[in-house]
Amino acid sequence: MMNISRSVSLISLFLLPLLSFSFSVDNPTDRRVLVLLDDLSLKSSHSIFFNTLKSRGFDLDFKLAEDSKLALQRYGQYLYDGLIIFAPSTERFGGSLDSKSIADFVDSGRDLILSADTSASDLIRGISTECGVDFDEDSSAMVIDHTSFSVSDVDGDHTLIAAEDLVKSDVILGKTKIEAPVLFRGVAHSLNPTNNLVLKVLSASPSAYSANPSSKLLSAPQLTGSAISLVSVMQARNNARVVISGSLQLFSDRLFRSGVQKAGSPNKYEKSGNEQFVTELSKWVFHERGHLKAGNLVHHRVGETDEPAIYRIKDDLEFSVEIFEWSGKSWEPYVANDVQVQFYMMSPYVLKTLSTDKKGLFHTSFKVPDVYGVFQFKVEYEKLGYTTLSLSKQIPVRPYRHNEYERFIPTAYPYYGACFTTMAGFFVFSFVYLYHK
Amino acid sequence: MAALESPPPGTPSAMRHAFGSVLSALILLLIGVLAFSIRLFSVIKYESVIHEFDPYFNYRVTQFLSKNGIYEFWNWFDDRTWYPLGRVIGGTVYPGLTLTAGTIWWVLNSLNIPLSVETVCVFTAPVFSAFASWATYLLTKEVKGSGAGLAAAALLAMVPSYISRSVAGSYDNEAVAIFALIFTFYLYIKTLNTGSLFYATLNAIAYFYMVCSWGGYTFIINLIPMHVLLCIVTGRYSPRLYIAYAPLVVLGTLLAALVPVVGFNAVLTSEHFASFLVFIIIHVIALVYYIKGILSPKMFKVAVTLVVSIGLVVCFIVVAVLVALVASSPTKGWSGRSLSLLDPTYASKYIPIIASVSEHQPPTWPSYFMDINVLAFLVPAGIVACFSPLSDASSFVVLYIVMSVYFSGVMVRLMLVLAPAACIMSGIALSQAFDVFTASIKYHLSGSSNSKDDAEDKTSTNNASKDDGSAGKTDKGEESAKERSSRKGKKKEREPADKPSVKSKIVKKKALVLPFEASIVALLLLIMLGAFYVIHCVWAAAEAYSAPSIVLTSQSRDGLHVFDDFRESYAWLSHNTDVDDKVASWWDYGYQTTAMANRTVIVDNNTWNNTHIATVGTAMSSPEKAAWEIFNSLDVKYVLVVFGGLIGYPSDDINKFLWMVRIGGGVFPHIKEADYLRDGQYRIDSEATPTMLNCLMYKLSYYRFVETDGKGFDRVRRTEIGKKNFKLTHFDEVFTSHHWMVRIYKLKPQKNRIRGRAKKLKLKTSSSKSAKKNPWI
């Protein structure tokens, strides 16, 4: 018995890290997701969204945001691969969770869906600011649009927006076009245009503005027009992905099911674009799509197979790198014609577009420039929606050795001739001078 | 050695002569032992390590040579320095020292004497200083006889200036170059005295060795033409002069061009042009003498007008060609270091990187006394002695001392070239003085008893001055040169052995006899002077010049403190960082980092690329963010600064900082020196400028410094620092050595996320109150 229990504990000891590493480099799709709600009723009111996640194999763990046992990690290991925060009004999380630990969670490469709503708490605003998204500072403000509202908006204050301005990216929103407008009711946010990590996925129309619908507009609203972002994504430098939405209702069953007709538009859709939009976005954020992996950076001289320790100037070399894309289940070869390699020393000396064999191998060949120094092969691939690839490999380039120069240069033959005739002439002269009477 | 030209054998004087030779050989051996052992203080007091900065590079190169052989060394492209440019070591290094030590190591190892490369490197300099003192003996003997030679050798063996560059462990080019310099001069004088083509060839080879060893070879190739010119101008032209000079220029230039680092510079740069010009002149003169020999005086006068007019035209053309060459040569004439020799203010005006090196500064008067001590007073006497009589050889020595005094006044480093000249002069002076005094004493002692002997003594001592004076008058003492040198060879201890009969054609026979008491007193004073010199030299060797500078010691009330921070931190680097990590530091520490920590550096002590150094200087003088961007673009992982404020180590980076600003500002004009100075004063206390207090060097040096004593008192600058509590935003402190002398920082990785703006605004409003309490937020 003792032995068995010991071996069981041993096995569990080995299994534990294995389990906790289910999210890994080789299998980037998230598996275990913590859902934080400020009200358990959200579980049923947003059940379609949660069920699609479950059906795709995610292991959802619903917790109240105030739950005092909340913890993202235990013994230094993260318990979850993804986090969904549907708790816009929560002022404080329970347990050990706070805005910093959520930022750390993202910095560890894990993903986050955050939804704010009208009167979002400072905590939620703080988290979104950490991710580069600034919500309207007026906590009672909502997005109002008097031209592209949904006609099903019964209140008449034009806060149910029918947004159609989606980012054009098959990677983020899937290949099938989202026909119907996306219904949105919530708070506006803006992005810093210099921040190249965040991206508007769903923007407001030019006629939108952010204000409190129940009070009179006294001054010009701070956020207006297409500067307003409704839903944004952020891909951190470590490729952690974050979705930030200004509307919790966007994910709700009600808006999923409701039909939509944009004001002034004759097209009436049976079903809003919300479900497709949210599902595709969740596929992207949980790394089911658009995740690249590169490796096997190989270079060698033309005609050789081994990687040399050093190149010589003007060597011909071949370079190849393998890039694969994660399809959600397996690694598929990545096909593109815009992957480039730099031969780099303070600035790129060679910049070549790689050609692919459609099996994931990208290759090219080029001549080492006539400059010696410590170079790098650099593959920097940044494409909208895809994970950033940044690979480099250092390789020195040396000048010619002393015996690698031409021994005799044809143009210098007159000089060789002059040299030898002088020597011969001197010899003859000495001979004549010394022995001629 | 002097025995070679002995007087007719079989007499007691021959016996004496032989005894003198043996004695001088023994003395020379002892001088060698002295030269070697006086340089061992550093090993005894510290340990057998390589010293300072450059020696570490030489050591690393020697290791590479001994491991990979000469061809790999020749073609070595070093990718661990000057990242990412790299450096072609084989083509940019003077290989003489490395090849010498490598050869010694190889010979010892093939004799089954398993010494490590490091040991060989440590002891190369002492061994070669023994060689140098023997070479001095040879040179001085050619000038003024073996007595002066022995004195000069003994002086050189312990001259502090030379000791400072050749203590055990000081494995630098100068260690072998000084020997090569003296030996080349000796061979030149020897050729001049003998007219032997054999010595001329040897001279060219010695010159080649000198070119291999040190950039100071340009001193030789300018000094010898100058002397030749001097001889020609003073009417001392002779075939011997031609043989001494012409082969040296031809062979020497060809050989010099073989050294990769010199290459075509041997014919392209202005430093070498003097030799070519004189080469042409000596040929013209030779031609003139030849024509004079074959023509009658009348015809000669006609010929002279003809030749002079043609010669002027030729000279004009040659000068024009030379000027054109100078204008088209890649360096536009003179290199910066040479220009700073001619115009001492040149470097500080135009090339801060040359001026920033302390050994390129002009010396102060005390440093003359420190480095050559009493020799400074003996040199004038030596010069006077050289003028009685003035021979080719002694005029060379005079020229040598004049030039080296000038150059040493420009650059403190060139005191090293002055030292042998001063030793030779002082050796001559001492030996002559001893001659006169001992002869006077002998005259008085034997005056009553033995008049014959005394007469002999008189004449012999007289020979030195009077006979030589006559030779000086006749001007062309060529045919007697051999005799003269042989005479002088015997002068010192063997005056009675001299054959007075040979030189009895002298004008006056009256001896220069001083009063007995005066001689005794003067002799005692001279001996005391020598004793002081020895005491000073031993003190300098033991205390002043034996510190390896990588290990510091300080004596305080509670005993000896050892500061081994440099090796501590280099060891930390080599154990805690990745092999390919790049370490940025000011260039002073580049060689040590590559040699001791084996990490790639951005700049090092071989300051060949001013822009690259300026980049590092700019980064050090920029605020954190800009500095981070510069370092990141160079793939730097770690930044190393040297800080002496805690223990009072004065040559730290803060004291060198203005040079970084100057060098950086020379290339990147947005760095302005005035921004770092408050009213022209360089200060780091509360009066310092904001630019100064926010630059990277200040921050990296004084980060957390206030935690040491609560006030942040800098013991080098003797003031409290200006900005005490601050945080680093782009750098992480990863290592600080035991006495805080070396601080290593790691560049923070780029932020994973970019924050929005909203919260910052809030923070500003909320923290406005606390800002008063915590000024560093």
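View 1. Chain A holds 9 helices and 28 strands (DSSP runs, with helices being H or I of at least four residues and strands E of at least two, numbered from the N terminus). Its radius of gyration, taken over C-alpha atoms, is 32 Å, well over the 22 Å that the globule rule (2.2 Å times the number of residues to the power 0.38) gives for 437 residues, so chain A is more spread out than a compact globule. Along the principal axes, its C-alpha trace spans about 130 × 75 × 35 Å.

**View 2. Chain A, inside and surface.** Of its 437 residues, 50% count as buried, meaning under 20% relative accessible area with a 1.4 Å probe, protein chains only. Among contacts (heavy atoms within 4.5 Å) with a separation of 6 or more in chain A, 70% join residues 24 or more positions apart. The accessible surface of chain A (Shrake-Rupley method, 1.4 Å probe) is about 21500 Å², and carbon and sulfur atoms hold 56% of it.

**View 3. Helix 20 of chain B.** This helix covers residues 392–410 and reaches 28 Å from first C-alpha to last, close to the 27 Å expected for its 19 residues (1.5 Å times one less than the number of residues). Because 15 of the 19 residues are buried, helix 20 of chain B is largely enclosed by the rest of the structure.

**Notes.** Residues are numbered from 1 along each chain as its sequence is written, while chains are lettered from A and ligands numbered from 1 in the order in which they are written. In this predicted model local features need pLDDT of at least 70 and side-chain atom pairs count only at pLDDT 80 or more, whereas totals for chains, interfaces and linings use all residues; side-chain values use heavy atoms, leaving out hydrogens and water.
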